[in-house]
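Please look through the sequence and the model shown here before reading on. The paragraphs that follow move from the sheet to the helices, and from there to the core and the side-chain pairs.

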Amino acid sequence: VGPSGRVVAVDISPRMLDRAAGLVERRGWGNVSLVEADAERPPVAAADGVLATFVTSLFADPYAVVRRWCDLSDAVVVAAVVPEGNRAANAALRAFVALNGRLFDARTDDPLGRLAARTAAARRALDDGATVRERDRRLFGTIVVEAGRNA
């Protein structure tokens, strides 16, 4: 956003906001506000853009959340972990999901399937809510960055 822009960082976790506050202070960013809130319903009426990193798989209905973001902003960028990479990357992802089972509903029979379904739902929301779309794969195909904006 540059020095004249403004960033509103939203997280539901006070610990994550504490870590972010430390970074904001170390970097001297006077244009960053930290808000404890649920990203499912952002506490802003409008925004130039939304950046969501590794969070859409945590929502029960990622389609609805990402569509809401599309409605309130000009651009939405979502980075997500996807179980579509190569075997080695998927083995590492399975291990990560096992270690963080609560985040990925690992109690279900197919946590990677749930992750894939939620990532696909976020992708469909961007497809439906944005006129210009871009997609980029990273880290052996296990991370996908999806961007949508209205022209």
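**Sheet, helices and side-chain pairs**

Four strands make up an open sheet of mixed pairing, in the order E3-E4-E6-E5, where helices (H or I, at least four residues) and strands (E, at least two) are DSSP runs numbered from the N terminus, and where two strands pair if DSSP finds at least two bridges between them. The edges are formed by E3 and E5, each of which pairs on one side only, and neighbouring strands of this sheet are turned against each other by 10° on average, direction ignored. The model is a predicted one, in which local features need pLDDT of at least 70 and side-chain atom pairs count only at pLDDT 80 or more, while totals for chains, interfaces and linings use all residues. Residues are numbered from 1 along each chain as its sequence is written, and side-chain values use heavy atoms, with hydrogens and water left out.

Strands of a sheet pair through backbone hydrogen bonds, either parallel or antiparallel. Here E4 and E6 pair in the antiparallel sense over 7 bridges, and Val 81 has Ile 143 in E6 as its bridge partner. E5 and E6 also pair in the antiparallel sense, over 7 bridges, with Arg 149 in E6 as the bridge partner of Val 132. The hairpin of E5 and E6 has 4 residues between the strands, and in this hairpin Leu 139 takes a positive phi near 45°.

H4, in turn, lies across E4, E5 and E6 and runs at about 160° to E4. Gly 113 is found in H4 and counts as partly exposed at 25% relative accessibility, a term that covers the range between buried (under 20% relative accessible area) and exposed (over 50%), with a 1.4 Å probe and protein chains only. The C-alpha atom of Gly 113 is separated by 7.9 Å from that of Pro 83, which is 30 residues apart from it along the chain.

Which residues of H2 are buried? They are Pro 62, Val 65, Val 66, Trp 69, Cys 70 and Leu 72, and the buried residues of this helix pack against E3, E4 and H4. Leaving aside its neighbours within four places in sequence, Val 78 is in contact with residues including Ala 52, Trp 69, Leu 126 and Glu 146.

Trp 69 also belongs to the 1 aromatic pair that a search of the whole structure finds. Rings of Phe, Tyr and Trp (its six-membered ring) pair if their centres lie within 6.5 Å, and planes under 30 degrees apart count as stacked, over 60 as edge-to-face and the rest as tilted. The ring centres of Phe 59 and Trp 69 are 6.0 Å apart with their planes at 75°, so this pair is edge-to-face. Phe 59 sits in the loop between E3 and H2, whereas Trp 69 is in H2, 10 residues apart, and both residues are buried.

In one of them Arg 123 is joined to Glu 146, with the closest N and O atoms 2.7 Å apart; because Arg 123 lies in H4 and Glu 146 in E6, the pair ties together parts that are 23 residues apart in sequence. Both of these residues are buried, Glu 146 with a relative accessible area of 5%. Glu 146 also forms a salt bridge with Arg 133 at 2.6 Å between the closest N and O atoms, and Arg 133 is partly exposed, with a relative accessible area of 25%. Through shared partners, salt bridges join Arg 123, Asp 127, Arg 133, Arg 135 and Glu 146 into one network.

Methods:
Salt bridge = Lys/Arg side-chain N within 4 Å of Asp/Glu carboxyl O. Contact = heavy atoms within 4.5 Å. Axes fitted to C-alpha atoms, helices over the stretch in contact; angles between N-to-C directions.
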